[in-house]
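Please keep the picture in view while I talk.

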Amino acid sequence: MPAAPGSRSPPRRIPCRMKEIGLAAIPPPRARKIRMEKPAPVDAPILDHLRNRWSPRAFDPAPIPRETLRSLFEAARWAPSSNNAQPWRYILSETEDARARASTVLTGRNTLWAPKAPVLVCVAAHTLFEDGKPNRHAWYDTGQATSLLIVQATSMGLFVHQMAGFDAVKARAVFALPENVEPIAMMALGRPGDAGSLPDPLRERESAPRSRRAQDQFVFSGAWGAPW
Ligand SMILES: Cc1cc2nc3c(=O)[nH]c(=O)nc-3n(C[C@H](O)[C@H](O)[C@H](O)COP(=O)(O)O)c2cc1C
């Protein structure tokens with residue numbers, strides 16, 4: 001996201017690193033695989049796994065072992081939540097058939113790259129507490145659990161790309177979601193793949209620099225807008 005006007009410190013842009021992998025000696029250009037690394041150009045030190053996380057579109061199609069996936073969902077499992085309601089729900093699609101079916105809910109450019117990821121996930125939230133009252137924080141808690149899942153994934157060499165670009169009505173039918181369970185996002189998950197294999201417009205985006213608003217635009221002291 002470009003920095004909003006008025007930012008005190010415009011986002012620093014650092015070049016992304018392209019890593020050539022799987023090479024023996026110097027192969028012809030077409031045999032080269034391009035794996036992007038895009039560490040965040042941070043303004044203060046943060047954990048490496050947070051800095052190195054990003055949302056790629058090129059995934060290695062190799063399947064992800066069940067025990068690896070279990071660690072990701074275990075990370076989500078131990079997220080805090082309002083009243084410990086644990087509203088997050090994840091519906092996985094791993095086989096070719098399941099991924100093809102899950103891909104039918106994707107929209108726009110997501111249809112160009114996401115179906116190739118080895119795991120597609122529908123992220124949903126149960127919107128009621130056990131007593132039937134609405135859980136106003138279901139979305140917050142589900143995002144929070146998913147963030148922990150993503151940090152765990154990064155620590156294991158996996159990447160996750162979340163998507164709002166999907167048809168929620170279709171998702172409700174395809175994933176047989178019950179009443180009061182809302183589909184929130186789709187996610188593609190896997191090991192990084194060959195960025196050179198992406199179609200043109202996406203290949204360019206894959207290597208685009210990362211940017212963020214400066215802290216003074218979202219951290220305030222005491223009251224809205226007061227500089228911290
Ligand atoms: C809720 C959510 C929805 C998103 N939807 C899409 C999407 O439909 N398609 C897409 O290519 N990226 C999508 N993204 C990825 C964002 O564009 C990406 O996280 C953002 O540009 C920052 O880049 P980074 O994750 O590499 O730091 C989504 C991210 C989130 C958290």
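Ser-207 is in the segment that comes after helix H7 (200–206), where helices are DSSP runs of H or I with at least four residues, strands are DSSP runs of E with at least two, and both are numbered from the N terminus. Before I go on, this is a predicted model, in which local features need pLDDT of at least 70 and side-chain atom pairs count only at pLDDT 80 or more, while totals for chains, interfaces and linings use all residues. Residues are numbered from 1 along each chain as its sequence is written.

In space, Ser-207 lies 7.1 Å from Met-36, C-alpha to C-alpha, although 171 residues separate the two in sequence.

Turning to the whole protein, there are seven helices and seven strands, and along the sequence they follow the pattern β-β-α-β-α-β-α-α-β-α-β-α-β-α. Of the 228 residues, 26% are buried. Two residues are in contact if their C-beta atoms, placed from the backbone, lie within 7 Å, and of the contacts with a separation of 6 or more, 74% are between residues 24 or more positions apart.

Helix H5 (residues 138–155) holds Gln-144, which is partly exposed because 17 other C-beta atoms lie within 10 Å. Leaving aside neighbours within four places in sequence, Gln-144 is in contact with Ala-79 and Pro-80, and its C-alpha is 7.9 Å from that of Pro-80, 64 residues away in sequence. The 18 residues of H5 reach 26 Å from first C-alpha to last, close to the 26 Å expected, the expected span being 1.5 Å times one less than the number of residues. The buried residues of H5, among them Ala-138, Leu-149 and Ala-153, pack against H2, strand E4 (88–93), E5, E6 and E7. Just after H5, Gly-157 takes a positive phi of about 80°.

In soluble globular proteins, nonpolar side chains tend to be buried together. Not counting residues up to four places away in sequence, Val-121 touches Tyr-90, Ile-91, Leu-92, Met-186, Met-187 and Leu-189.

E6 is mostly covered, with four of its five residues buried. E6 and E7 run antiparallel and are joined by five bridges, where pairing requires at least two bridges found by DSSP; Met-163 has Met-186 in E7 as its bridge partner.

Which residues surround the ligand? They are Trp-54, Ser-55, Asn-110, Gln-162, Met-163, Ala-164, Gly-165, Ala-185 and Arg-210, each with its C-beta atom, placed from the backbone, within 6 Å of the molecule.

Definitions and conventions:
A residue is buried if 20 or more other C-beta atoms lie within 10 Å of its own, exposed if 12 or fewer, and partly exposed in between; C-beta atoms are placed from the backbone.
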